[in-house]
Amino acid sequence: MPKNVSLTRYLIEQQRADGLIPGQLRLLLEVVARACKSISQAVTKGALGNVLGSAESENVQGEVQKKLDIIANEVLIEANEWGGHLAAMASEEMDSIYVVPNRYPQGEYLLLFDPLDGSSNIDVNVSIGTIFSVLKKPEGSPGVQESDFLQAGSKQVAAGYCIYGPQTTLVLTVGSGVAMFTLDREQGSFMLTQEDIQIPADTKEFAVNMSNMRHWDAPVKRYIDECLAGKDGPRGKDFNMRWIASMVADVHRILMRGGVFLYPWDKREPEKAGKLRLMYEANPMSWLVEQAGGAATNGRQRILDLEPTKLHERVAVVLGSKNEVGRLTGYHEPL
Ligand code: P6P
């Protein structure tokens with residue numbers, strides 16, 4: 001891998017190589033990266049920046065918003081609204097879409113994000129992150145409306161996340177593999193530190209919130225029971241478990257060393273397909289995982305094939321090492 005390659009140089013060279021990053025998309029990705037740098041600064045300040053704790057408000061999901069949720073959302077909106085590359089944005093923290101104001105030029109892209117995923121970890125200094133997804137505005141539709149966002153995950157033109165942990169790391173795909181950039185705080189630049197990331201097809205590590213076990217349906221219970229049975233059970237090997245409760249951190253670990261992540265449907269709120277959001281959590285993470293040789297389903301169907309009907313739609317998620325995802329998906333009755 002070449003040394004000292006900045007995000008900008010990588011995007012320019014990728015455009016030359018495979019034409020997947022037109023100028024406006026490159027501008028979008030660089031603006032998102034700059035916004036993530038600002039969010040990282042705010043996160044790193046913590047109590048010193050008076051950014052911890054609750055904002056005493058709720059988001060569209062009915063969840064209490066943390067101060068940093070709102071700060072991160074505002075940083076992304078302000079960084080992206082003036083550049084002329086976007087028509088509109090959608091966020092976990094906003095009920096409806098944010099259309100670029102008339103005082104700015106409108107572009108052809110739609111940006112969706114969870115500005116700060118893993119909020120329950122903010123106040124206890126555990127890794128959190130920003131997840132983003134980029135779609136193209138459908139041709140021909142005058143203006144921009146929420147229905148323009150309702151596209152299957154297979155239509156994404158870019159997806160990524162930035163994890164705010166011991167390092168601040170941006171992980172990105174535009175459809176030709178997955179690359180990772182680590183923030184060099186002295187230069188203030190994201191520098192290429194890994195490319196063509198590959199997830200091992202097999203694993204001995206699963207990530208799930210075990211406290212929900214009694215609420216799962218039979219195929220998921222069977223899969224986890226078999227993992228817990230270890231080498232004396234049907235899997236013939238012992239498994240390890242991790243659950244950070246920040247999807248960004250759990251997915252990053254899986255991209256780095258393999259594993260399987262589950263947030264399955266459960267019977268506590270049977271009308272909800274799952275806890276995680278399809279448009280700005282599951283879709284970007286599923287594309288990254290597939291681009292790294294893994295798989296991602298809702299237990300039955302490929303997540304990237306799901307046709308959304310609502311902006312804040314939820315979905316069950318099984319993703320990671322493809323042989324494990326295939327096994328669990330196989331335990332479900334075929335549709
Ligand atoms: P639980 C964070 O709130 C999140 O949306 C994901 O990042 C994470 O994987 C999940 O919820 C954690 O959920 O129920 O274990 O707290």
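Visitor: Which residues are linked in a network of salt bridges?

Guide: The network links E63, E92, R277 and E281. Keep in mind that this is a predicted model.

Visitor: What makes R277 and E63 a salt bridge?

Guide: Their side chains meet at 2.6 Å, N to O. The cut-off is 4 Å, between a side-chain nitrogen of Lys or Arg and a carboxyl oxygen of Asp or Glu. An Arg nitrogen and a Glu oxygen at 2.6 Å are within that limit, so the pair counts.

Visitor: And how do you know that E281 and R277 form one?

Guide: The test is repeated. The N to O distance for E281 and R277 is 3.6 Å. That is within 4 Å, so the name applies. Both E281 and R277 are buried.

Visitor: How many salt bridges does a search of the whole structure find?

Guide: The search finds 18. One of them joins D238 and K231, with the closest N and O atoms 3.6 Å apart.

Visitor: What does the salt bridge of R235 and E324 tie together?

Guide: Start with the distance. The side chains of R235 and E324 meet at 2.5 Å, N to O. R235 is in the loop between helix 5 and strand 12, while E324 is in helix 8, so the pair ties together parts that are 89 residues apart in sequence.

Visitor: Are R235 and E324 buried or exposed?

Guide: Buried means under 20%. R235 has 12% relative accessibility, so R235 is buried. E324 has 1%, so E324 is buried too.

Visitor: What makes C36 and C162 buried?

Guide: C36 has a relative accessible area of 0%. C162 also has 0%. Both values are under 20%, so both residues are buried.

Visitor: Which domains does the assignment give?

Guide: The domain assignment gives domain 1 (7-195) and domain 2 (205-331). Their centres, taken over C-alpha atoms, are 23 Å apart.

Visitor: How much area do domain 1 and domain 2 bury between them?

Guide: They bury about 3000 Å², with 64% of it on carbon and sulfur atoms. On the domain 1 side, I131, L150 and Y161 supply 19% of the area buried against domain 2, more than any other three residues.

Visitor: What polar links cross from domain 1 to domain 2?

Guide: The rule finds 2 salt bridges across the interface. There are also 16 residue pairs in polar contact between the domains.

Visitor: What makes H85 and N80 a polar contact?

Guide: Their side chains are joined at 3.2 Å. H85 is found in the loop between helix 3 and strand 3. With 0% relative accessibility, H85 counts as buried. Beyond its sequence neighbours, H85 is in contact with residues including Q24, L27, L28 and Y109.

Visitor: What is phi in E56 and N125?

Guide: Phi of E56 is near 60°. N125 has a positive phi of about 60°. Neither residue is a glycine. Most residues other than glycine have a negative phi. E56 is in strand 1. N125 is found in the loop between strand 5 and strand 6.

Visitor: How do you know whether E56 and N125 are buried or exposed?

Guide: Exposed means over 50%. E56 has 73%, so E56 is exposed. N125 has 76%, so N125 is exposed as well.

Terms used. Residues are numbered from 1 along each chain as its sequence is written. This is a predicted model: local features need pLDDT of at least 70, side-chain atom pairs count only at pLDDT 80 or more; totals for chains, interfaces and linings use all residues. Side-chain values use heavy atoms; hydrogens and water are left out. Buried means under 20% relative accessible area, exposed over 50%, partly exposed in between (1.4 Å probe, protein chains only). Domain bounds come from an automatic or database domain assignment. Buried area is the accessible area (1.4 Å probe) that two parts lose on being put together, summed over both. A polar contact is a pair of N or O atoms within 3.5 Å; within protein, one must be able to donate a hydrogen and the other to accept it, and residues adjacent in sequence count only if both atoms are side-chain atoms. Helices (H or I, at least four residues) and strands (E, at least two) are DSSP runs, numbered from the N terminus. Contact means heavy atoms within 4.5 Å. Lists of a residue's contacts leave out its neighbours within four places in sequence.
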